[in-house]
Amino acid sequence: MWYEILLYVLLLALGFVLLSKGADIFVDGSASVATKAGIPQLVIGLTIVAMGTSAPEAAVSISSGFAGSADIAVGNVVGSNILNVLIILGLSATIVPLAVRKISHILDIPMVLLATAVLFVIGLFGFINFIGGIILLILFVGYLAILFINAKRAKKAGQLEEDAPIKVMPVWKSIIFIVLGLAMIVFGSDVTVDAATYLARTFGVSERFIALTIVALGTSLPELFTSVNAAIKGNADIAVGNILGSNIFNILFVLGLTSLIIPVPFESKFLIDTVIAFVAVLLILLFSIKSKKLARWAGITMLVSYAGYFVYLLLV
């Protein structure tokens with residue numbers, strides 16, 4: 001019995017690695033092809049690279065939807081959003097105060113709040129169907145359009161920071177990267193969902209709990225490593241924007257796309273988690289509206305808040 005549990009824990013870890021590295025490889029190959037096709041780096045950064053960070057969540061949600069594990073499909077996204085804010089930003093701000101840019105107050109935070117509120121309203125119906133998915137994706141396209149317009153204006157004004165140069169590879173190598181990356185993401189998502197479902201049943205906990213905690217942490221590992229590493233190196237000024245952007249992509253792109261492929265049941269308990277995700281983003285606004293930064297005390301408060309949320313999950 002114990003060796004089976006150990007095997008599935010290792011499989012879960014393997015799934016997380018495949019998802020993370022597969023997303024990186026897929027983005028590298030896709031960005032290279034897009035560059036060769038003459039697509040501006042600005043567009044690549046706002047689409048391919050940004051969506052690549054949400055690829056693990058998308059793959060797990062779609063895979064769990066087909067596997068009949070709806071709790072993992074929704075819990076993975078909502079749990080990732082809560083963890084992104086309270087754990088990743090909380091930990092990063094505890095290491096070094098995080099600057100919150102004006103654009104985050106004007107666009108990103110309101111957009112996360114809107115997306116979360118829309119998800120809550122859709123969740124009241126008990127499922128996210130095709131129409132719900134269309135609504136989420138329309139909001140997603142609108143958000144991308146606003147990002148693109150703002151980025152073009154900033155570039156003209158000389159205020160846009162240049163992204164790291166995209167590594168251009170031969171076409172054949174780029175195609176291999178795309179295919180290999182997709183294969184790793186698909187296989188990794190299947191392994192992750194199967195292992196998470198097995199562990200939930202073995203330990204007698206709900207798939208909701210596993211999805212909101214362990215699976216959410218696994219699919220958020222790229223954001224965790226990036227943000228904490230940036231904080232340690234003193235380059236944490238973009239951490240808040242990246243996390244907020246990831247949360248927007250998770251709800252609008254991941255759940256929107258998943259519900260177009262297969263209807264996603266939305267258990268009533270997730271309404272509470274969605275409210276917590278909403279409040280977590282409100283904390284960013286409240287803590288930074290005057291100082292324009294997340295101070296260490298704010299980071300510690302966010303970590304303590306997550307601890308309280310975790311205890312709640314254990315009790316319900």
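Q: In which helix does Phe 310 lie, and how is a helix defined here?
A: Phe 310 lies in helix H12, residues 296–315. Helices (H or I, at least four residues) and strands (E, at least two) are DSSP runs, numbered from the N terminus. This is a predicted model, with residues numbered from 1 along each chain as its sequence is written. Local features need pLDDT of at least 70, side-chain atom pairs count only at pLDDT 80 or more, totals for chains, interfaces and linings use all residues, and side-chain values use heavy atoms, with hydrogens and water left out.

Q: Why is Phe 310 called partly exposed?
A: The relative accessibility of Phe 310 is 31%. Buried means under 20% relative accessible area, exposed means over 50%, and partly exposed lies in between (1.4 Å probe, protein chains only). Phe 310 therefore counts as partly exposed.

Q: What makes Phe 310, Val 311, Leu 314, Leu 315 and Val 316 a nonpolar patch?
A: Patch residues have over 30% relative accessible area and no salt bridge; like charges are joined within 9 Å, nonpolar side chains (Val, Leu, Ile, Met, Phe, Trp, Tyr) within 5 Å. Phe 310, at 31%, passes the area cut-off. The five residues form a nonpolar patch on the surface, with about 480 Å² of accessible area together. Such areas come from the Shrake-Rupley method with a 1.4 Å probe; for residues, only the protein chains shown count as cover.

Q: How do you know that Arg 208 and Asp 273 form a salt bridge?
A: Their closest N and O atoms are 2.9 Å apart. The definition asks for a side-chain nitrogen of Lys or Arg within 4 Å of a carboxyl oxygen of Asp or Glu. The pair therefore qualifies. It links distant parts of the chain: Arg 208 is in helix H8 (residues 207–219) and Asp 273 is in helix H11 (residues 269–288), 65 residues apart. A search of the whole structure finds 1 salt bridge. Side chains of opposite charge can pair when their charged atoms come close.

Q: Are Arg 208 and Asp 273 buried or exposed?
A: Arg 208 has a relative accessible area of 4%. Asp 273 has 0%. Both values are under the cut-off for buried, so both residues are buried.

Q: Which side chains does Asp 273 contact, and what makes these contacts polar?
A: The side chain of Asp 273 reaches that of Arg 208 at 2.9 Å. A second contact, also 2.9 Å, joins the side chains of Asp 273 and Tyr 309. A polar contact is a pair of N or O atoms within 3.5 Å; within protein, one must be able to donate a hydrogen and the other to accept it, and residues adjacent in sequence count only if both atoms are side-chain atoms. Both distances meet the limit, so they count as polar contacts.

Q: How do you know that Arg 208 lies over the face of Phe 270?
A: Arg 208 is at 5.8 Å from the ring centre. A charge sits over a ring if NZ of Lys or CZ of Arg is within 6 Å of the ring centre and within 35 degrees of the ring normal. The distance meets the limit, and Arg 208 is placed over the ring face.

Q: Why is the pair of Phe 287 and Trp 297 called edge-to-face?
A: A search of the whole structure finds 8 aromatic pairs. In the pair of Phe 287 and Trp 297, the distance is 5.1 Å centre to centre, with 70 degrees between the planes. Rings of Phe, Tyr and Trp (its six-membered ring) pair if their centres lie within 6.5 Å; planes under 30 degrees apart count as stacked, over 60 as edge-to-face and the rest as tilted. The pair therefore counts as edge-to-face. It links helix H11, with Phe 287, to helix H12, with Trp 297, 10 residues apart.
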